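Reader: I'm new to reading protein models. Could you walk me through this one, a question at a time?

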2 protein chains.
Amino acid sequence: MATHSHLRVQDIGEQGLLKRLLAFCPAEIVGDDAALLTVAAGRSLVVTTDVLVDGVHFSDRTTAPEDAGWRAAAANLSDLAAMGASPLGITVGLAVPGDRTVAWAERMYAGLTECLQTYDTVIVGGDVCRSTVTTISITALGQVEPDRAIRRATAQPGDAIVVTGPHGGSRAGLELLLHPEAGRDLSLDDRAPLIRIHQRPKPRLDVLPELSRGRVAGMDSSDGLADAIVQICRASGVGATVDRSQIPIPPALRGWVAAHQALEWALYGGEDFELVLCLDLEAAQRLVDRLGAGAAIVGTITATPEVWLTGQGEPTQLTLDRGFQHFA
Amino acid sequence: MATHSHLRVQDIGEQGLLKRLLAFCPAEIVGDDAALLTVAAGRSLVVTTDVLVDGVHFSDRTTAPEDAGWRAAAANLSDLAAMGASPLGITVGLAVPGDRTVAWAERMYAGLTECLQTYDTVIVGGDVCRSTVTTISITALGQVEPDRAIRRATAQPGDAIVVTGPHGGSRAGLELLLHPEAGRDLSLDDRAPLIRIHQRPKPRLDVLPELSRGRVAGMDSSDGLADAIVQICRASGVGATVDRSQIPIPPALRGWVAAHQALEWALYGGEDFELVLCLDLEAAQRLVDRLGAGAAIVGTITATPEVWLTGQGEPTQLTLDRGFQHFA
């Protein structure tokens with residue numbers, strides 16, 4: 001969409017902006033007071049909401065508007081994947097200062113829709129209003145067969161803990177964006193993929209068809225791998241042992257920083273948007289074989305309600321004190 | 001909920017606040033990555049989103065937190081009613097400055113849930129994050145039999161235009177809140193109901209069971225009665241004549257301000273949250289009889305795509321220039 005880059009929201013008003021942004025939504029769905037969607041027979045509706053605020057979750061300093069849009073969509077699709085649900089669509093509520101450019105909003109929506117299209121889904125509704133700070137509120141809608149929903153509270157002692165891909169890459173990419181000089185020892189071939197992991201995370205909706213029927217507990221690792229494991233254990237009333245040496249780390253990261261730093265980012269960095277799944281050992285091994293590419297069994301669920309890190313060095317107990325740092 | 005009134009969001013953090021606000025959601029629905037809901041067989045899912053910003057849509061100066069919550073819920077339930085849909089639940093995304101009191105947030109949620117309970121529905125999910133300005137993003141979910149959905153684009157020449165209740169009361173109530181001295185000629189018995197209409201609007205979900213099967217075009221009058229009529233006509237490619245003398249006005253308002261002022265507030269005031277419905281004359285008369293209490297036929301849909309005000313004085317053409325004033 002060709003937009004004069006200096007045109008500001010206050011020049012066309014919120015209604016003018018809303019009209020332009022409707023171009024990103026399928027005409028047959030929106031345009032009335034509300035969108036009409038079809039949930040397939042026998043499926044449950046899954047709903048999840050995220051609020052992203054300028055300066056907290058994204059910033060012009062580190063994030064192009066297309067990337068802010070992609071990441072917002074990806075985070076919400078990842079919440080659906082974490083429930084085992086396939087997407088029906090998202091709604092977008094945009095609060096925006098009058099001096100924001102219209103081009104910013106259109107580029108952010110372009111990023112949103114680029115991510116959504118990758119996963120065959122769309123924007124099904126929204127609202128625009130003025131504010132003093134840019135705020136993007138997303139509600140993602142999905143559907144799942146009720147007996148295939150992935151829950152946090154159903155892990156059982158003896159389950160294997162599967163991660164669907166490498167961890168630490170997103171935090172490493174952020175480091176390279178915030179402190180480019182830190183990556184001076186990295187080749188461009190090593191730097192680019194780490195930055196890409198941070199800017200264009202991939203929700204693991206592709207994992208769902210690979211899951212066999214049967215109990216699967218789990219969630220996504222958007223708040224960090226350590227957080228995911230502790231949350232699942234708390235909700236299920238169980239514990240876990242996690243083998244440090246089995247946690248998959250992106251190769252570029254492994255060759256760049258010390259092992260303890262890479263492990264720290266893998267456990268606490270967050271925003272890798274992989275799934276952390278607990279299922280019986282046989283099903284877990286089958287799943288890891290099918291997924292390949294960085295998927296791994298990293299530990300075992302235990303009856304004692306404590307989470308221990310084992311392998312490579314002293315066993316240490318895992319708590320959430322670090323995982324929640326970025327909410328402080 | 002007993003909360004020390006000076007406790008601020010920054011004292012307990014966003015996670016601490018989220019934990020407290022979860023008390024307002026049914027435990028069996030939330031607590032995982034997303035909520036699971038059931039859409040009845042043969043029903044379509046209806047989705048609508050609103051963003052409300054402090055200083056634009058509500059303000060501590062004129063709105064108690066309970067009322068801000070009630071109004072936010074009511075506006076979204078009204079969007080569902082406008083589609084003919086019954087509610088499944090709402091999600092709430094709250095962005096909040098650290099120096100807001102926790103009590104404000106809890107009182108706002110109490111208002112939200114009080115309204116939702118009145119209409120047998122609940123909060124099914126949400127998110128809390130920090131921001132520099134309080135922003136409430138609501139997505140309402142509902143369900144409707146596809147062939148009973150109310151659309152804007154299906155009005156036909158000859159249809160009667162029904163309003164489900166009086167108009168102008170919300171604007172009058174706002175006037176009394178902003179300029180209490182303007183109401184010095186009104187008794188308390190006349191003042192209180194007008195203020196109540198503004199603070200505690202009622203979404204007209206009760207109208208839906210009264211609708212016969214068959215085509216019904218329409219929307220709600222949240223942006224004003226004039227806006228609703230013009231929007232329906234535009235979407236349907238038709239026009240209308242509206243009889244000024246048939247527009248129901250709250251009795252207290254009629255006795256307080258001049259007739260032209262009352263008509264102005266009824267047409268352009270907005271936020272009365274009634275339904276404006278177009279259906280054949282016989283069905284319209286049946287509906288008005290069933291609803292009673294201020295419901296009325298106010299005009300007729302015409303083939304010529306213009307909207308004319310008739311009755312009591314010169315015919316004048318209705319445009320949206322006034323109806324959109326509050327978006328400027």
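Reader: How many salt bridges does the rule find across the interface of chain A and chain B?

Author: First, some ground rules: this is a predicted model, where local features need pLDDT of at least 70, side-chain atom pairs count only at pLDDT 80 or more, and totals for chains, interfaces and linings use all residues. Residues are numbered from 1 along each chain as its sequence is written, chains are lettered from A and ligands numbered from 1 in the order in which they are written, and side-chain values use heavy atoms, leaving out hydrogens and water. A salt bridge here is a side-chain nitrogen of Lys or Arg within 4 Å of a carboxyl oxygen of Asp or Glu. Across the interface of chain A and chain B, the count by that rule is zero.

Reader: Okay, so how many residue pairs are in polar contact across that interface?

Author: A polar contact is a pair of N or O atoms within 3.5 Å; within protein, one must be able to donate a hydrogen and the other to accept it, and residues adjacent in sequence count only if both atoms are side-chain atoms. With both residues at pLDDT 80 or more, the number of such pairs between chain A and chain B is 10.

Reader: How much area do chain A and chain B bury between them?

Author: Contact means heavy atoms within 4.5 Å, and buried area is the accessible area (1.4 Å probe) that two parts lose on being put together, summed over both. The contact takes 52 residues from chain A and 52 residues from chain B. Of the buried area, 56% is on carbon and sulfur atoms, and the total is about 4,200 Å².

Reader: Which strand of chain B pairs with β2(A)?

Author: Strands (E, at least two residues) and helices (H or I, at least four) are DSSP runs, numbered from the N terminus, and two strands pair if DSSP finds at least two bridges between them. For β2(A) there are three bridges, in the antiparallel sense. In one of them, A:L45 has B:L37 as its partner. The strand of chain B is β1, residues 35–37.

Reader: How many salt bridges does the structure hold over all chains?

Author: Here's one to look at: A:E271 and A:R71, whose closest N and O atoms are 2.5 Å apart. That pair links distant parts of chain A, with A:E271 in the loop between α8 and β9 and A:R71 in helix α2, 200 residues apart. Over all chains, the total is 28.

Reader: Is A:R71 buried or exposed?

Author: Buried means under 20% relative accessible area, exposed over 50%, and partly exposed in between (1.4 Å probe, protein chains only). A:R71 has 13% relative accessibility, so A:R71 counts as buried.

Reader: What separates A:E282 and A:R286 along helix α9?

Author: Their side chains meet in a salt bridge, 3.6 Å from N to O. A:E282 is exposed at 56%, while A:R286 is partly exposed at 35%. Because they sit four residues apart in helix α9 of chain A, what separates them is about one helical turn.

Reader: Which residue's backbone nitrogen does the side chain of A:Q143 reach?

Author: A:Q143 lies in strand β5 of chain A and, at 13% relative accessibility, counts as buried. Leaving aside neighbours within four places in sequence, A:Q143 is in contact with several residues, including A:T38, A:R43 and A:L88. The backbone nitrogen reached by the A:Q143 side chain, at 2.9 Å, belongs to A:A40.
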